[in-house]
Amino acid sequence: MKKHLLSAADLTRDDAELVLRTAEELRSLADRPIKKLPALRGRTVVNLFFEDSTRTRISFEAAAKRLSADVINFSAKGSSLSKGESLKDTALTLEAMGADAIVIRHGASGAPHRLANTGWTRSSVINAGDGTHEHPTQALLDAFTMWRHLGGAGKNGGGLDGRRIALVGDVLHSRVARSNALLLRTLGAEVTLVAPPTLLPVGVEGWDVATSYDLDSVLPKADAVMMLRVQAERMNAAFFPTVREYSRRYGLDSRRMGLLQDHTIVMHPGPMVRGMEITADVADSKRSVIVEQVTNGVAVRMAVLYLLLGGSEPAGAADDRHDHHDSAPATDGASQ
Ligand code: NCD
C-alpha cells in the first residue's frame, strides 16, 4: 500500500484485495459486544470535513475509535479564508498537533492531493471525497459489499471477475462513480455506466467501461445495480428536462426491479433522494443492501486506517489480541 489513499487508482489488485480481506476479518467485530481493538492506540486521526457528510464522517470516526485511535473532528465548513490558504494553515496546525492520518473531504477536486504532495504534513492523507473527482473508500466499501454478496469473500471465492455492475444516474458529478469504475475494473468486474448523454463525463471513452442510455436493456444482465444521487448542488445548468422525466427514464422502481436476475443486488451510496433515482419500495426491498453498505463502510475504513497506519502485523494478530483482551475483565480499560 502507498502512504496515502487519494484515488482508487492508487490501489493495485493485491492492495485492494488485502483491504477487502482485512475488512472481512474486522467486520466480525461489529457483532461483538465490545467493538474495540487496541491496534491504533496512541495514534491520532483527524477528520477534516470542508463539505457536508453524514455517513462518511461518522463511519471514519467509528472506524478510528474501534481501533482505539484518538479522533479529532474538524468541520471546516464556512471558513472565510481562500481555499488554498485555509487548507495550508489547517494542515500546518494539524501537523503541529501530531496527526498521524488526515481524512479529508473537500468541495474542490484535487484538495487531498494538494495536502499530501506539498510537504505541509507528514500524515497519511485519506481522500473522503473531493469535488466531483474521487471517493476511494466508498468504492472499497461498495466492492466489499459486492464481494460478500456475489460469492467472492471466501478464500477460494471467485472475486468480482466478470461480474457485471451497472452504475446508474449522475455519473458526470459523481466521485463515487469514478472511484467505483476504477476499482471495479482493477478487480476484474465489467462496468456499465447508464445515464442520459448530458450526465456522462467528457472523456468517458478512456474509462475502460461500457456506456448506455437505456436502463431497461442493462438491468437484466447486471449482477449489481448502483443508483447514484443527482448532485443538484454541483449543477449550474439544466441537465435534464424535469425530475419526473429523469425518474421515468433513469429511476429504479418496482417495475424495473422485476427485470433483475434473482441474485442481483441494489445499492446506493447515500444520501438517497427517494422518489427520484430510487423509489421507496425498491430502497426498502429485500434486494437492497443499502444499510449493509453503511455497516461495511466501518469495517473497510478500519482496514484502510489499519493498513496505512498500523499495518505491520496482520489484522488477524490484532484480532487474536482482541480475543485475549475480550476474556480479560479490564479490556483496554482506558479507552472503553
Ligand atoms: C456520496 C458523496 O458524498 O460523494 N455519499 C457518500 O459519501 N456516502 C454520494 C452523494 O453525495 O450522492
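To start, what share of the 336 residues in the chain do buried residues make up?

Analyst: Buried residues make up 54% of the 336 residues in the chain. Buried means under 20% relative accessible area, exposed means over 50%, and partly exposed lies in between (1.4 Å probe, protein chains only).

This is a predicted model, in which local features need pLDDT of at least 70, side-chain atom pairs count only at pLDDT 80 or more, and totals for chains, interfaces and linings use all residues. Residues are numbered from 1 along each chain as its sequence is written, and side-chain values use heavy atoms, with hydrogens and water left out.

Confidence comes next. pLDDT is the predictor's confidence in each residue, from 0 to 100. The chain has a mean pLDDT of 88, and 87% of its residues reach 70 or more. Over residues 316-336 the pLDDT is below 50.

Now the overall build. The chain has 12 helices and 9 strands. These are DSSP runs, numbered from the N terminus: helices are H or I with at least four residues, strands are E with at least two. A contact means heavy atoms within 4.5 Å. Of the contacts in the chain with a separation of 6 or more, 75% join residues 24 or more positions apart.

Next, the core. In soluble globular proteins, nonpolar side chains tend to be buried together. A nonpolar core is a set of buried Ala, Val, Leu, Ile, Met, Phe, Trp, Tyr and Cys residues joined through side-chain atoms within 4.5 Å. The largest one here has 90 residues. Leu140, Met146, Leu160, Leu183, Leu193 and Leu305 touch the most other members. Helix α11 (residues 290-310) gives the most to this core, with 12 residues. At least three residues come from each of domain 1 (8-135 + 293-325) and domain 2 (136-290). Those domain bounds come from an automatic or database domain assignment.

Take Met146. Leaving aside neighbours within four places in sequence, its contacts include Leu160, Ile165, Leu184 and Met267. A second, separate core has 15 residues, among them Phe50, Ile104, Leu115 and Ala116.

Helix α11 also holds Leu307. Leu307 has 17% relative accessibility, so it counts as buried. Beyond neighbours within four places in sequence, Leu307 is in contact with Met1, Leu18, Val19 and Thr22. Leu18 and Leu307 are 289 residues apart along the chain, yet their C-alpha atoms are separated by 8.9 Å.

Now the rings. A pair of aromatic rings is described by the distance of the centres and the angle of the planes. Rings of Phe, Tyr and Trp (its six-membered ring) pair if their centres lie within 6.5 Å; planes under 30 degrees apart count as stacked, over 60 as edge-to-face and the rest as tilted. A search of the whole structure finds 2 such pairs. Phe240 and Tyr246 form a tilted pair, 4.8 Å centre to centre, with 40° between the planes. The ring centres of Tyr246 and Tyr250 are 5.9 Å apart and the planes lie at 35°, so this pair is tilted. Ring pairs therefore link Phe240, Tyr246 and Tyr250 into a cluster.

Where do the two tyrosines sit? Tyr246 and Tyr250 both lie in helix α8 (residues 243-250). They are 4 residues apart, about one turn of the helix. Phe240 is buried, as is Tyr246. The relative accessible area is 2% for Tyr246 and 4% for Tyr250, which is also buried.
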